[in-house]
Structures are given as C-alpha cells and as structure tokens.
Amino acid sequence: MALFGKTKTDAEISDLILPRHVGIIMDGNGRWAKKRGLPRKAGHTEGARTFRKITRYCSEIGIQYLTVYAFSTENWRRPEDEVGALMKLFKSYLEEAISDFKDDDIVVRFIGDKNGFSPELRALMEENEACSRDRTGMVLNIAMNYGSRDEIVRAVKSIAADVRDGKLSDADITERLVSDRLYTAGQPDPDLIIRPSGEYRISNFMLWQSAYTEFVIMNKLWPDFRKSDLDEALRIYSQRNRRYGGV
Ligand code: IPE
Ligand code: IPE
Ligand code: MG
C-alpha cells in the first residue's frame, strides 16, 4: 500500500502507512447523553461537533476518502421526537456546511436514498454536492438514509433492468460492474472502518465494500472521540498485516 500524506502535520502519524479510505460508524451519542442525564438529542448535537472536528482532521493528515455513517435506513424506527431532532440537526448543519468545508477543499457527497428526506433537506444535500463538486481535496461521503442491503438491492435492480433491455449480457455481470452500481461507484473500498462505542457489529454499513476492510472497534462514545483516538486507530491499522486471502 502506498504512503499518502498530503499535508502531514503530526510528527507521530507522519511515519504511518495511512489508509486511503476510512469509514466511521458514528455511534454512541445516545449513551453519551444518558450518562449525563441529558436527552438523547443532546448527544447528537455533541456528536455533530465531533464529526466536524474529525472530518477536518482527516483532511489535514491526507486521508483521501472519508465515509461517515450518520443515519441508517433502520434509524427511522426510533421515537418520532428523536428522528425529528436529528432532521433538525441535519438541516442546520447542511445550511452551514457549504462554507464550513470550503477552506479545507472537501468534496461533499451523500450516499443513501435522498428520497427519504423532506424536499428542503434534499435540496440542501444537492446544493452541498453541487457547490463542492469541483474541489480537489478529500472526498467526504455522508451516509444518510443509508443501508447497504438497500444499496445492493438497488444495484441488482439496475443491472436486471439493463439485462432486460439488452444493454448487458450475463457475461457482463462482474464484481466490478456490481461495485460500479453502488453509491460508492468509482471510489476505492474502505481500508479501515472504525466503530466507536464498543459495539462489535457492522449495522448494515458498506457490506459489499468491506470484504477486506480492517476493523477497529474503540471503547469511546462518539461525542468523546478525539483526534488522538483517530491517531490510535491509524496506528493499529498500520500494524495490521493485510493478506487478501494470500499468504
Ligand atoms: C449514533 O448514536 C447516531 C445515530 C445512529 C443517528 P446512537 O444514537 O446510536 O447512540 P447509542 O448507540 O444509542 O448510544
Ligand atoms: C449504526 O448505529 C448507524 C449509525 C451510526 C448511523 P446504530 O446505533 O443504529 O446501530 P445498532 O442499532 O446499535 O446496530
Ligand atoms: Mg447506536
């Protein structure tokens, strides 16, 4: 694996082999709030702060792709007031995001089904994508109303439609073709997925893309996650021996 280090600022991590694509399951907001006797939405507000800080840091140290899991296709099952608070938070965040990541040259993309959101939120998501499209820095995928099973079903349907219309034959159906029909088409698979909050599960995140991804589970709730925790995950990653089924 190549060394990526666009603007290596930290002496300690500058020597590491950095992942090209990092995924983060931003989990533990609710427990963070509960521990403090606060409503769950207070945890989400704090989690959004962590998200900004860690995203900027990833861009500074030269990560090329960052995918953050912000809201799953299953998260609609939560109580109405929590979902409502999250939608409000997304809206206020997206209104600021256009300028927020401008200086960092970050390209913002949304992965997931935008149709699940209000027209207002959808418009903000599209505006963010359009405004940042021509930037050249880190690509930030924000997974919202994202579920990897749903993503795979969509890919299968789009391939089936092309076969039906005679645009593709059975022989054209390859791993590459499937990858190219996912939300992450054209992007490298994640090298490292970090899950804070100590849960040992994938919760419907990047199932196809993570076939050979390294996982780092951390016992920190997302709102407590610091740059030093990211450094630690990068250090653990750099010591892993990736074999891809070989020896
Ligand atoms: C992650 O934190 C944020 C979302 C899923 C939207 P949680 O809200 O899942 O926090 P815990 O896991 O209940 O602590
Ligand atoms: C995964 O966290 C989804 C996000 C972080 C957005 P969940 O809290 O929804 O996952 P489970 O329910 O613990 O598996
Ligand atoms: Mg959770």
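**A look around ligand 2**

Guide: Let's start with Arg-201: a polar atom of its side chain lies 2.7 Å from an oxygen atom of ligand 2, which counts as a polar contact (a pair of N or O atoms within 3.5 Å). Asp-27 also has a polar side-chain atom close by, 3.2 Å from an oxygen atom of ligand 2. For Arg-195, an N or O atom in the side chain is 3.4 Å from an oxygen atom of the ligand. On its own, ligand 2 has 390 Å² of accessible area, and the protein covers 79% of that (areas come from the Shrake-Rupley method with a 1.4 Å probe).

Before going on, keep in mind that this is a predicted model, where local features need pLDDT of at least 70, side-chain atom pairs count only at pLDDT 80 or more, and totals for chains, interfaces and linings use all residues. Side-chain values use heavy atoms, with hydrogens and water left out, residues are numbered from 1 along each chain as its sequence is written, and chains are lettered from A and ligands numbered from 1 in the order in which they are written.

Now the wider shell, where a residue is near if one of its heavy atoms lies within 4 Å. Around ligand 2 you'll find, among others, Ile-25, Met-26, Tyr-69, Ala-70, Phe-71 and Ser-203. Strand E2 (residues 65-72) gives the largest share of this shell, three residues; strands are DSSP runs of at least two residues, numbered from the N terminus. By type, the shell has five nonpolar, two polar and four charged residues, with Asp, Glu, Lys and Arg counted as charged.

Terms used. Polar contact = N/O pair within 3.5 Å; in protein donor to acceptor, adjacent residues only side chain to side chain. Helix = DSSP H or I, 4+ residues; strand = E, 2+ residues; numbered from the N terminus.
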